[in-house]
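Please look over the model below before reading the comments.

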Amino acid sequence: MSFSSKKLHIIILAAGRGVRMKSKLPKVLQKVSGLEMLGHILILCSQIADIVKEPKVTIVASDHLYNHQNYQKLLSNHSSLKIRTALQPAAIGTGDAVYHG
């Protein structure tokens, strides 16, 4: 079996609020080198999609992120990916985030 025929599910843990960043903008929407942190990750997912046929991408998000207009815009910019958003009701840790993913 070749690598390109294996199934891949990418889970992006993005429910952090970024309180220590002292910004109302969710952490993953903060810009690094002119692009949102989540944007950098989605570009990598697109590159992976060139190798692995139709990877599933799940973003575990808080309500704060999900309802942000920049998040919806970012998702629309990566519409070639099959992205599912899973809401994590309370950011209580990585294990809980993966459970919701």
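The points below go from the basis of the values to the sheet, then to charged residues.

1. Basis. This is a predicted model, in which local features need pLDDT of at least 70, side-chain atom pairs count only at pLDDT 80 or more, and totals for chains, interfaces and linings use all residues. Residues are numbered from 1 along each chain as its sequence is written, and side-chain values use heavy atoms, with hydrogens and water left out.

2. Sheet. Three strands form an open sheet in the order β1-β4-β5, with parallel pairing. Strands (E, at least two residues) and helices (H or I, at least four) are DSSP runs, numbered from the N terminus; two strands pair if DSSP finds at least two bridges between them. β1 (9-14) and β5 (82-87) are the edge strands, each with a single partner, so one side of each has no neighbour in the sheet. Neighbouring strands are turned by 20 degrees against each other on average, direction ignored. Axes here are lines fitted to C-alpha atoms, for helices over the stretch in contact, and angles run from 0 to 180 degrees between N-to-C directions.

3. Pairing and packing. Strand β4 (residues 56-61) runs parallel to β5 and is joined to β5 by 6 bridges. Val57 has Ile83 in β5 as its bridge partner. Helix α1 (residues 37-49) packs on the sheet and touches β1, β4 and β5, its direction making about 180 degrees with that of β1. Contact means heavy atoms within 4.5 Å.

4. Glu36. Buried means under 20% relative accessible area, exposed over 50%, and partly exposed in between (1.4 Å probe, protein chains only). A salt bridge needs a side-chain nitrogen of Lys or Arg within 4 Å of a carboxyl oxygen of Asp or Glu. Leaving aside neighbours within four places in sequence, the contacts of Glu36 include Val28, Leu29 and Leu74.

5. Salt bridge. The count comes to 1 salt bridge. Glu54 and Lys82 meet in a salt bridge at 3.2 Å, N to O. Glu54 lies in the loop between α1 and β4, and Lys82 in strand β5, 28 residues apart. Both side chains belong to exposed residues.

6. Arg17. Arg17 sits in the loop between β1 and β2 (31-32) and is partly exposed, with a relative accessible area of 47%. Not counting residues up to four places away in sequence, Arg17 touches Leu25, Pro26, Lys27 and His64.
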